[in-house]
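Me: Could you take a close look at one helix in this model for me, and at what packs against it? I'd enjoy a connected walk through it.

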Amino acid sequence: MVIYGVALLAGCMLAGLVAGDLLGTLLGVSSNVGGVGISMLLLIFVGGYLKDKGKMPASTESGIQFWNAMYIPIVVAMAASQNVVAAFDGGMIALLAGLLSVVAGFALVPLFGRERPIREEREAEETPPSASATLTITNNTH
């Protein structure tokens with residue numbers, strides 16, 4: 001059922017938030033540290049485990065996929081906006097670090113974005129055509 005997928009997602013989210021709060025307390029920070037990331041990792045591991053054991057029907061998986069499409073981008077956007085507010089409060093160093101990471105990311109796009117030839121195409125170009133691949137044309141005129 002779809003509701004089981006939503007329940008699994010909610011359980012992982014609650015466990016992740018508790019773990020993030022606990023981690024923040026252990027580190028001496030008065031906020032959640034990585035709770036959303038922990039919850040998503042839990043969802044991946046628990047979902048994979050249930051799938052391997054054959055205990056996750058397709059309808060349950062569709063419940064998880066629905067909330068993946070709806071919920072996760074919203075949570076990431078909320079976390080990103082909190083990081084921007086913290087960066088403005090942190091001063092010039094935080095803003096400079098954010099700006100440099102964006103510039104470095106843009107500089108790396110051409111490096112990782114260029115097309116690389118597929119191995120089979122490269123091997124096909126290197127090997128000469130075999131005798132069986134040649135085309136024989138016969139002229140049958142009487």
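Reply: The chain has a mean pLDDT of 75, with 68% of its residues at 70 or more; pLDDT is the predictor's confidence in each residue, from 0 to 100. This is a predicted model, in which local features need pLDDT of at least 70 and side-chain atom pairs count only at pLDDT 80 or more, while totals for chains, interfaces and linings use all residues. Residues are numbered from 1 along each chain as its sequence is written, and side-chain values use heavy atoms, leaving out hydrogens and water. Confidence is highest in helix 1 (residues 2-27), at a mean of 85, and lowest in helix 5 (residues 119-126), at 60. Helices here are DSSP runs (H or I, at least four residues), numbered from the N terminus.

Now to helix 2, residues 35-52. Gly-35, Ser-39, Met-40, Leu-43 and Gly-47 are its buried residues (buried is under 20% relative accessible area, exposed over 50%, partly exposed in between, with a 1.4 Å probe and protein chains only).

From helix 1 comes Cys-12, buried at 6% relative accessibility. Beyond its neighbours within four places in sequence, Cys-12 contacts Ser-39, Leu-42 and Leu-43 (heavy atoms within 4.5 Å). Just after helix 2, Gly-54 takes a positive phi of about 75°.

Technical notes: Helix = DSSP H or I, 4+ residues; strand = E, 2+ residues; numbered from the N terminus. Expected span 1.5 Å × (residues − 1).
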